Amino acid sequence: MDNKIYFGENLSILKSLRSESVDLIYIDPPFNTGKIQGRTQIKTIRSESGDRVGFQGERYKTMKIGTKSYSDLFDDFLAFLEPGLKEAYRILAPNGSMYFHIDYREVHYCKILLDTIFGRESFLNEIIWAYDYGARSKRKWPTKHDNILLYVKNHDDYIFNYDEIERIPYMAPELVGPEKAELGKTPTDTWWHTIVPTNGKEKTGYPTQKPLGILRRMVQASSPENGVVLDFFAGSGTTGVASLEFGRHFILIDKNTEALEVMAKRFDGVPNIEWVDFDPKPFQKIVVQKQSTPLQEPLFEDNKVSSQ
Ligand SMILES: C[S@@+](CC[C@H](N)C(=O)[O-])C[C@H]1O[C@@H](n2cnc3c(N)ncnc32)[C@H](O)[C@@H]1O
């Protein structure tokens with residue numbers, strides 16, 4: 001099977017996908033914060049009249065080159081999510097898993113909704129993705145985590161590749177002896193990982209882009225070799241990149257043209273991608289040879305997991 005990237009509303013596309021045809025689903029729906037998610041992109045150019053002084057006293061001015069944004073305000077967030085989640089359950093293979101990424105304000109409502117669709121006994125984990133970046137509140141504990149709920153379709157039979165999970169350093173390696181320290185430990189349900197580094201290679205400029213490191217973990221642990229991974233709120237396509245790295249196939253869906261443009265650039269040169277209702281070529285430089293060797297090397301380097 002080729003990889004597929006769809007441009008469009010996810011619900012109608014999900015309805016067209018075969019039952020039990022996908023091994024792993026990751027979704028990161030827009031949070032119900034009522035804010036416009038956006039990021040202004042700027043470029044600095046040298047100018048006599050510039051307002052910034054840089055290296056060797058040169059003056060620079062900042063030019064706004066565009067704003068990427070989408071509204072994440074929904075009148076009824078759960079009513080918006082429910083039909084897609086029901087489709088997700090149908091599409092998932094009998095031993096499949098779903099990771100649902102959300103923030104601390106919504107997670108409790110979403111957990112109840114997901115329990116009704118998957119069954120309470122099919123809830124495996126609440127993963128806390130902890131980071132430490134940005135402003136710190138002085139009026140409450142600074143909120144520096146997202147929540148990721150892991151559900152399986154069948155709690156007696158699901159994929160969890162324990163032996164393949166990346167190992168991370170012990171916090172106190174001297175307490176476990178050199179052999180264990182060398183091997184490292186498996187992560188728990190609390191994942192310390194930086195956000196996408198502001199100036200790193202990984203950054204696409206898409207608002208709310210998630211770090212590859214956390215997607216890698218999910219794909220590696222919860223999908224079979226050659227399996228199919230679906231993300232129907234794909235954004236910049238992080239799930240697709242992680243899937244490629246581990247030799248999985250992917251299906252990505254997004255309704256925002258900016259997301260498709262970012263994905264066009266991110267997957268530039270990657271063969272065997274079928275683009276549905278979107279032409280990536282105007283945003284790409286590399287001419288893809290159909291059926292050439294699939295990408296072997298990781299597309300992006302990732303920050304290593306921080307302390308744990
Ligand atoms: C939080 S972002 C996902 C970011 C992504 N995980 C990444 O790493 O870049 C949510 C995405 O869902 C998309 N979206 C929202 N509603 C949608 C819908 N009904 N159908 C398809 N895409 C939708 C938005 O366009 C946005 O790109």
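I count two residues as in contact if their C-beta atoms, placed from the backbone, lie within 7 Å. Helices (H or I, at least four residues) and strands (E, at least two) are DSSP runs, numbered from the N terminus.

**Entry 1: ground rules**

I'm working on a predicted model, where local features need pLDDT of at least 70, side-chain atom pairs count only at pLDDT 80 or more, and totals for chains, interfaces and linings use all residues. Residues are numbered from 1 along each chain as its sequence is written.

I checked pLDDT, the predictor's confidence in each residue, from 0 to 100. The protein chain averages 86, and 79% of the residues score at least 70. I marked residues 291-308, where pLDDT stays under 50 and the model has 34 contacts beyond four places in sequence.

**Entry 2: the whole chain**

I found 7 helices and 12 strands in the protein chain. For burial I call a residue buried if 20 or more other C-beta atoms lie within 10 Å of its own, exposed if 12 or fewer, and partly exposed in between, with C-beta atoms placed from the backbone. By that rule, 33% of the 308 residues are buried. Among contacts in the protein chain with a separation of 6 or more, 69% link residues 24 or more positions apart.

**Entry 3: helix H6**

I went to helix H6 (residues 238-245) and found 8 of its 8 residues buried, Thr 238 and Glu 245 among them, so I noted the helix as mostly covered. What covers H6? I listed strand E1 (3-7), E2, helix H5 (212-222), E10, strand E11 (249-254) and helix H7 (257-266) among the elements over its buried residues. Just after H6, I noted a positive phi of about 70° at Gly 247.

I looked at strand E2 (residues 22-27) next: 6 of its 6 residues are buried, so E2 is largely enclosed by the rest of the structure. I use "pair" for two strands if DSSP finds at least two bridges between them. E2 runs parallel to strand E6 (residues 92-102), with 5 bridges, and Val 22 has Leu 92 as its bridge partner in E6. E2 also runs parallel to strand E10 (residues 228-231), joined by 2 bridges; there I see Ile 25 opposite Leu 230.

A nonpolar core is a set of buried Ala, Val, Leu, Ile, Met, Phe, Trp, Tyr and Cys residues joined through C-beta atoms within 7 Å. The largest one has 59 residues, and Val 22, Ile 25, Phe 100, Leu 230 and Met 263 have the most contacts inside it. Leaving out residues up to four places away in sequence, I get Val 22, Ile 25, Ile 91 and Ile 251 touching Leu 230.

**Entry 4: strand E7**

I traced strand E7 (residues 123-130) and strand E8 (residues 145-152), an antiparallel pair with 7 bridges. Glu 126 has Leu 149 as its bridge partner in E8. E7 runs parallel to strand E9 (residues 190-192) over 3 bridges, and Trp 129 has Trp 191 as its bridge partner in E9.

Why does Ile 127 count as buried? I get 23 C-beta neighbours inside 10 Å for Ile 127, so it counts as buried. Ile 127 touches Ile 148, Leu 150, Asp 189 and Trp 191, residues up to four places away in sequence not being counted. I also noted 9.0 Å between the C-alpha atoms of Ile 127 and His 101, which are 26 residues apart along the chain.
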